[in-house]
Amino acid sequence: MSKAETIIELRGIKKVYQMGGHALEALSGVSLEIGRGEFVSVMGPSGSGKSTLMNIIGCLDTPTSGEYYLEGKNVAGLTFDQLSSIRNQKLGFVFQNFNLLTYATAWENVEVPLLFNGKNARRRRQRITELLEAVGLLDWKEHRPSELSGGEQQRIALARALANDPPILLADEPTGNLDSKSGEDIMGLLGGLWKEGRTIVMVTHDDRIAAHSERTIRLFDGQVA
């Protein structure tokens, strides 16, 4: 993979947590590259470091040591505010538990990242309409999460993740709380985004779900297996 194609590059990433008087090494020198426009699955047993790896790739956590280049910029040592700005511009997140605001409507949930990005009301309305139409839920815009099925909630979460048109989408067990039909629907949407050129990194325990991606990275005891 040439340097120009690389959008995510980790070099010797270690993450150590202090647990009382003990040190727990969650990642033990992980090095990997992900190309722009790739669809990559991350798999491994519980405790292998998948969530820690995703948190670092998503700029939700910082490594204890090592270098992380995102679109060629080393972000490993940036401040919380700098990382927050990068998350808002470069990264979209989809979680197993949806992480929707329970008191907000579908429309309002999708609007949140646009508010942080400073878009005016007209542009927000246009973008939210586009996104809800794309996931097939514009008619459900006034519904709150409790009034939606799991699959519908995940589609709203996906629309929210795409609000600021990030080049990278991170999906942490996106089908983990869904029935098989809803899971396939979500994977169909992710597949469509990948074909449009989006870079997707997905954690999953399910080989059938991982088969939708073009490459699988396997972790074991904090290392790439």
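Analyst: A term is needed before that: a nonpolar core is a set of buried Ala, Val, Leu, Ile, Met, Phe, Trp, Tyr and Cys residues joined through side-chain atoms within 4.5 Å. Buried means under 20% relative accessible area, exposed over 50%, and partly exposed in between, with a 1.4 Å probe and protein chains only. This is a predicted model, in which local features need pLDDT of at least 70 and side-chain atom pairs count only at pLDDT 80 or more, while totals for chains, interfaces and linings use all residues. Residues are numbered from 1 along each chain as its sequence is written, and side-chain values use heavy atoms, with hydrogens and water left out.

User: Which residues touch the most other members of the largest nonpolar core?

Analyst: That core has 31 residues, and those touching the most other members are V110, I156, L158, L169, L190, L193 and M202. At least two residues each come from α3, α4 (121-134), α5 (150-161), β7, α6 and β8. The largest share, five residues, is supplied by α5. Helices (H or I, at least four residues) and strands (E, at least two) are DSSP runs, numbered from the N terminus.

User: And what does L158 touch?

Analyst: Not counting residues up to four places away in sequence, L158 touches V94, L169, L189, L190 and L193, where contact means heavy atoms within 4.5 Å. Another core, of 30 residues, lies apart from the largest one and includes V30, Y68, L170 and L219.

User: Turning to the sheets, what is the strand order in the open sheet of six strands?

Analyst: The order is β6-β7-β8-β3-β9-β10, with mixed pairing; two strands pair if DSSP finds at least two bridges between them. At the edges stand β6 and β10 (223-224), each with a single partner strand, so one side of each has no neighbour in the sheet. Strand β9 (residues 215-220) runs antiparallel to β10 and is joined to it by two bridges. F220 has Q223 in β10 as its bridge partner.

User: Which strands does helix α6 touch?

Analyst: Helix α6 (residues 180-195) packs on the sheet and touches β3 (39-43), β7 and β8 (199-203), its direction making about 150° with that of β8. Axes are lines fitted to C-alpha atoms, for helices over the stretch in contact, and angles run from 0 to 180 degrees between N-to-C directions. Helix α2 (residues 80-90) lies across β6 and β7 (168-172), at about 80° to β6.

User: Last one: is T105 buried or exposed?

Analyst: T105 is buried, with a relative accessible area of 5%. T105 lies in the loop between β6 (91-95) and α3 (106-116). Leaving aside neighbours within four places in sequence, T105 is in contact with K141, E142, H143 and R144.
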